[in-house]
Amino acid sequence: YPFRGEITGVQGRGGTDLRPPFEADVLQQIRPDVVIYFTDGAGPAPATPPKVPTIWCLTATHAPPVTWGLAVSVAGLRVE
């Protein structure tokens, strides 16, 4: 869904199940042009790629959770 709020702080802990946003019913309802996933990469992800392009923004030095999609590292980047 379109997020219209303000992000004031983010804290992670790893181990998140990365699969739910890629479920067919979710993708059919939202119909995204691209999925951008901010993650440390530590968690189960779908074995097969969805039909929607995916960008894995890795917030830690872990390897991407899967071999599909575009993986970029944002670890250590400071956004102001």
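**Exercise 1. How many salt bridges does the structure hold?**

Solution. Start with the source: this is a predicted model, where local features need pLDDT of at least 70, side-chain atom pairs count only at pLDDT 80 or more, and totals for chains, interfaces and linings use all residues. Residues are numbered from 1 along each chain as its sequence is written, and side-chain values use heavy atoms, with hydrogens and water left out.

Step 1. Count: the structure holds 1 salt bridge.
Step 2. Name the pair: D17 bonds with R19 in this salt bridge, and their closest N and O atoms are 2.8 Å apart.
Step 3. Recall the background: side chains of opposite charge can pair when their charged atoms come close.
Step 4. Check exposure. Buried means under 20% relative accessible area, exposed over 50%, and partly exposed in between (1.4 Å probe, protein chains only). D17 has 33% relative accessibility, so it counts as partly exposed. R19 has 38%, so it too is partly exposed.

**Exercise 2. List the elements of the protein chain, then describe the sheet.**

Solution. 
Step 1. Helices (H or I, at least four residues) and strands (E, at least two) are DSSP runs, numbered from the N terminus.
Step 2. The protein chain has 1 helix and 3 strands. Their order from the N terminus is α-β-β-β.
Step 3. Two strands pair if DSSP finds at least two bridges between them. The 3 strands form an open sheet, ordered β1-β2-β3, with parallel pairing.
Step 4. Find the edges: β1 (35-39) and β3 (70-73) each have a single partner strand, so one side of each lacks a neighbour in the sheet.
Step 5. Look at one pair. β1 and β2 (residues 54-58) run parallel and are joined by 5 bridges. Take Y37: its bridge partner in β2 is W56.

**Exercise 3. Where is R31, and is it buried or exposed?**

Solution. 
Step 1. Locate R31: it lies in the loop between α1 (24-30) and β1.
Step 2. Read its accessibility: at 64%, R31 counts as exposed.
Step 3. Read its backbone: R31 has a positive phi of about 55 degrees, although it is not a glycine.

**Exercise 4. What share of the protein chain is buried?**

Solution. 
Step 1. The protein chain has 80 residues, and buried ones make up 24% of them.

Methods. Salt bridge = Lys/Arg side-chain N within 4 Å of Asp/Glu carboxyl O.
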